[in-house]
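Please read them with the structure open.

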Amino acid sequence: MRLLIGLICCLWTACAFAQASDIVRYKGDVPSGLKDLIQTATQPILQTARVDDEGDVWQLFRRLRPVIRDTLGTEGYFAPTINREVPTALPEGAPFKPELTIVLQTGPAFKVAGLDLKFEGDIQQPEFDARRRSLIDQWSLTQGKVFRQADWSADKDAILRQLLAKDFADATISESLADVDPETQSVYLHVVYDSGPVFTFGQLQVTGLKRYKKELVERYNTIRPGDRYEQERLLTLLSDLQNTSYFSSVDVKINRDAENPIEVPIEVTLAESKAKRLGLGAGYSSNTGFRTEASYQFNDLFNRAYSLLSGVRLEQKRQSAYTDLFFPPTRRGVVDSLGVAVDHQNLTDLDIQRTSLGALREYTLGVTNIRLGLNYQLEHRTTPLLDLGNTKALVASASWNKSMVDDRLNPSKGYVLFAQTAVASRRVLSDQDFFKINGRVQKFWSPTRKDLFSARFELGTVVAGSAQDIPQDYLFRAGGTNSIRGFKFQDVGVYDNGVLVGGRRIAVGSLEYTRWLRGPFGASVFTDFGDVANTWGELKPVPAIGFGARYRTPAGPIALDVAKAQGQKNIRIHFALGVAF
């Protein structure tokens, strides 16, 4: 019975809404954009209105009129005329037909006649003269422009955000007035910002630690007592702590008390993650096939917050096992790690088994990531007919990566630069002298919200007497997803005695256009090109063309591509998640 009553109520409400919305008509020279705003603003009234007789129609008009007036005021129309067109009287006995025609005359749009923008507090000190002038220059709703509530609010909020971002943690808008003068059809703006005192940072106050020492948190903190307040530095500390495996939740803030602005303690509230984690996963890549993986992580080895990560990954074309030991960062943000790995891979009848032991130092400077490594690798290669023996190398390497994109997971504009070098010598545990250098640049740009263009180019060389006795990791191969689509994974190289191996030169490029259609769905067309050889003169870039589907997710775009490369008999399908940098 209750269900039946509920259904009846829902049907009654739907019918009432349809009736109220259907009877309202607007007349007058009103721009379509204003009509849309009015319809949006009046929708809540129409949803609840019930119109059974002429009295209800007048009541609906009286409810709509002030809402319409206020809506027009937000766009600068402060003197509109809003009337009801009275319908022709119905013949006696005729059924009642509700009708509400609203005649609108917006009147002139009021313009800004003056701006009085003032500052109070410590920002009046001489050292902030240039900053005050810069804030005033950023105000966009200047004299002569039509007053709009959205612009008025945006300008006020923009200046307040900039005050709060640096030095003035307790800044407020102390006075705000848009004075409307109907006689002159003008609006006079008056805003006063109270910056309050200049704040400085103090010591860390950490709560929530049980397993780890306060020193671990301090390693991620680059703020020193006495430094001027900057909101971005608090956000950086918050992000750095959240991105570790030590904590499940993090909150970073200060007490914005204008009475005590000097060396304000930084309050860090933490919840520790479990020290031991077991991970299981499965997936698929068009490069290496189906994948299963198991990993184990222990974040407090020797009770010193050392993080031990060990795992096994089994793919159709590659199998590997690894153990890495990560040390907590230094106070300068340097992260050191040690690792050992064994790996088996089959690439076009070349069977490769590797064992490696390495050390890595990594640090970040703004948007630039730098890595310095030392790696010893022992490699054994075989073919179906030959045992090519062992190759060893002790390699010192360095890489540099600069990412200037608007969104790292779903970039639409910006660029990424990458460069890498590696060197080995026969004098130090290596079978061959070589020097490797390669670089890559990627560019993203979007002329509209729905159009995305991207370009990628990679160039590299290995300086050595020959490629013999150089581990395959330090030579070049191409082909597959994020390389030259239309080829199998790593199927572009050079032939040595009938066996496809890595080469000493590489040149690879890609041009792609994506059109975002509806929601997260998109379609792409692209061309990839490139080649691998042992000399620059032997490089003969091979083109490939294709098209694909895109689905945008918070973790990056999912891409499903179909490509055909010149000289290849088969059309190939490629699958990828995310943008590879």
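1. A salt bridge here is a side-chain nitrogen of Lys or Arg within 4 Å of a carboxyl oxygen of Asp or Glu. The model is a predicted one, and it holds 30 salt bridges. Glu127 and Arg228 form one of them, with an N to O distance of 3.3 Å. Glu127 sits in the loop between strand 4 (111–120) and helix 4 (129–137), and Arg228 in the loop between helix 6 (214–219) and helix 7, so this pair ties together parts that are 101 residues apart in sequence. Arg228 is partly exposed, at 33% relative accessibility.

2. Another salt bridge joins Arg132 to Asp129, where the closest N and O atoms are 2.5 Å apart. Both residues belong to helix 4 and are three residues apart, about one turn of the helix. Asp129 has a relative accessible area of 27% and is therefore partly exposed.

3. Asp151 pairs with Arg148, the closest N and O atoms being 3.1 Å apart. Both partners are partly exposed: Asp151 has 27% relative accessibility, and Arg148 has a relative accessible area of 28%. Elsewhere, salt bridges with shared partners link Arg318, Asp343, Arg354, Glu379, Arg381 and Asp473 into one network.

4. Which residues make up the positive surface patch? Arg449, Lys450, Arg518 and Arg552 form it. Arg449 lies in the loop between strand 19 (434–448) and strand 20 (451–463). Its relative accessibility is 82%, so Arg449 counts as exposed, the cut-off being over 50%.

5. There is also a nonpolar surface patch of about 510 Å², made by Tyr284, Phe290, Leu560, Ile573 and Phe575. Of these, Leu560 is placed in strand 26 (residues 556–565). Leu560 has a relative accessible area of 46% and so counts as partly exposed.

6. Over residues 134–194 the chain is 34% helix and 31% strand, with the end C-alpha atoms 17 Å apart. Residues 200–262 are 29% helix and 24% strand, and the end C-alpha atoms of that span lie 5 Å apart.

7. Is Leu241 buried or exposed? Leu241 belongs to helix 7 (residues 231–242). With 0% relative accessibility, Leu241 counts as buried, because the cut-off for that class is under 20%. From Leu241 to Ser356 the C-alpha to C-alpha distance is 31 Å, and the two residues are 115 residues apart in sequence.

8. Backbone angles deserve a check at two places. Most residues other than glycine have a negative phi. Asp167 has a phi near 75°, a positive value in a residue other than glycine. Asp167 is found in the loop between helix 5 (149–165) and strand 5 (172–181), and its relative accessible area of 3% makes Asp167 buried.

9. The other place is Glu263, where phi is positive at about 45° although the residue is not a glycine. Glu263 lies in the loop between strand 8 (247–254) and strand 9 (264–272). At 43% relative accessibility, Glu263 is partly exposed.

Terms used:
Residues numbered from 1 in each chain as written. Predicted model: local features only at pLDDT ≥ 70, side-chain atom pairs only at ≥ 80, totals over all residues. Heavy atoms only, no water. Patch = residues over 30% accessible without salt bridge, like charges linked within 9 Å, V, L, I, M, F, W, Y side chains within 5 Å. Areas by Shrake-Rupley, 256 points an atom, 1.4 Å probe, with all protein chains shown as cover. Lys, Arg positive; Asp, Glu negative; His and termini not counted. Charge placed at Lys NZ, Arg CZ, Asp CG, Glu CD. Helix = DSSP H or I, 4+ residues; strand = E, 2+ residues; numbered from the N terminus. Buried < 20%, exposed > 50% of the residue type's maximum accessible area, 1.4 Å probe, protein only.
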